[in-house]
Amino acid sequence: MRSSPDTLVAVKRALLSVSDKTGVVAFGQALEGMGVELVSTGGTFAALSDAGVPVTEVASVTGSPEMMDGRVKTLHPMIHGGILARRDMDADTLTRHGIVGIDLVAVNLYPFEATVARPDCTLELAVENIDVGGPALLRAASKNHRDVLPVVDPADYPDVVGRLKEGGTALDYRLRMAAKAFRHTAAYDAAIVAYLEKSL
């Protein structure tokens, strides 16, 4: 059965994959200190590992290496299945396919707007800075906010840690964070559209 809106949902496993690494090491340390298993990618994995934070690389979860200069890394059922699984309906599917749930997704996106603002930016460079996996992760976590906490803004890390230390997050908080994540991806897509239309 679904938990009530007032039920606090704890975090056992978190995916951290951020372009802006502001505060991510401290965030990872705080989560790990609460017993949260961390999964991460590329530069975020390196930042956490270099700081001595125990973390599992996404490639170890998916069984597939990052490829195409990082274009493909998180787009995999072992990741998206863990995020999108409805805890009250899909537990058997998770077990059958060996997928472990992901309860928190902290993602921010490639710096598209900063890139296209550069005077030397080419169309090719702009296109390479269009994030695909990041929005997909945020949208998946936000869609499944009943069970998963999306985190898009490093400024929210301390608040998230505080709430988790008190036992977890309530539904209204996860809904608010989902709306913030969708607002972020919508603005990101709008910036891409604006740039590409100017390039026609």
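Predicted model: local features only at pLDDT ≥ 70, side-chain atom pairs only at ≥ 80, totals over all residues.

Author: A residue counts as buried under 20% relative accessible area, as exposed over 50%, and as partly exposed in between. K180 has a relative accessibility of 25%, so K180 counts as partly exposed. Its side chain meets that of D156 in a salt bridge, with N and O 2.8 Å apart. This pair links distant parts of the chain, since D156 sits in the loop between β5 and α9 and K180 in helix α10, 24 residues apart. D156 counts as buried because its relative accessibility is 13%.

K180 also forms a salt bridge with D153, at 3.1 Å from N to O. D153 lies in the loop between β5 (149-151) and α9, and K180 in helix α10 (residues 171-198), so this pair ties together parts that are 27 residues apart in sequence. With a relative accessible area of 25%, D153 is partly exposed. Through shared partners, the salt bridges join D153, D156 and K180 into one network.

The count for the model comes to seven salt bridges. One of them pairs R118 with D120, whose closest N and O atoms are 3.1 Å apart. R118 is partly exposed at 39% relative accessibility, and D120 is partly exposed at 48%.

Helix α9 has a further contact, with helix α1. The axes of α1 (residues 24-33) and α9 (residues 157-165) come within 10 Å and cross at roughly 5°, which means that α1 is roughly parallel to α9. V24, F27, A30 and L31 of α1 meet Y157, V160, V161 and L164 of α9. By class, this contact has eight nonpolar residues, no polar ones and no charged ones.

Key: Residues numbered from 1 in each chain as written. Heavy atoms only, no water. Axes fitted to C-alpha atoms, helices over the stretch in contact; angles between N-to-C directions. Helix = DSSP H or I, 4+ residues; strand = E, 2+ residues; numbered from the N terminus. Parallel < 35°, antiparallel > 145°, perpendicular 65-115°, else oblique. Contact = heavy atoms within 4.5 Å. Nonpolar A, V, L, I, M, F, W, Y, C, P; charged D, E, K, R; others polar. Salt bridge = Lys/Arg side-chain N within 4 Å of Asp/Glu carboxyl O. Buried < 20%, exposed > 50% of the residue type's maximum accessible area, 1.4 Å probe, protein only.
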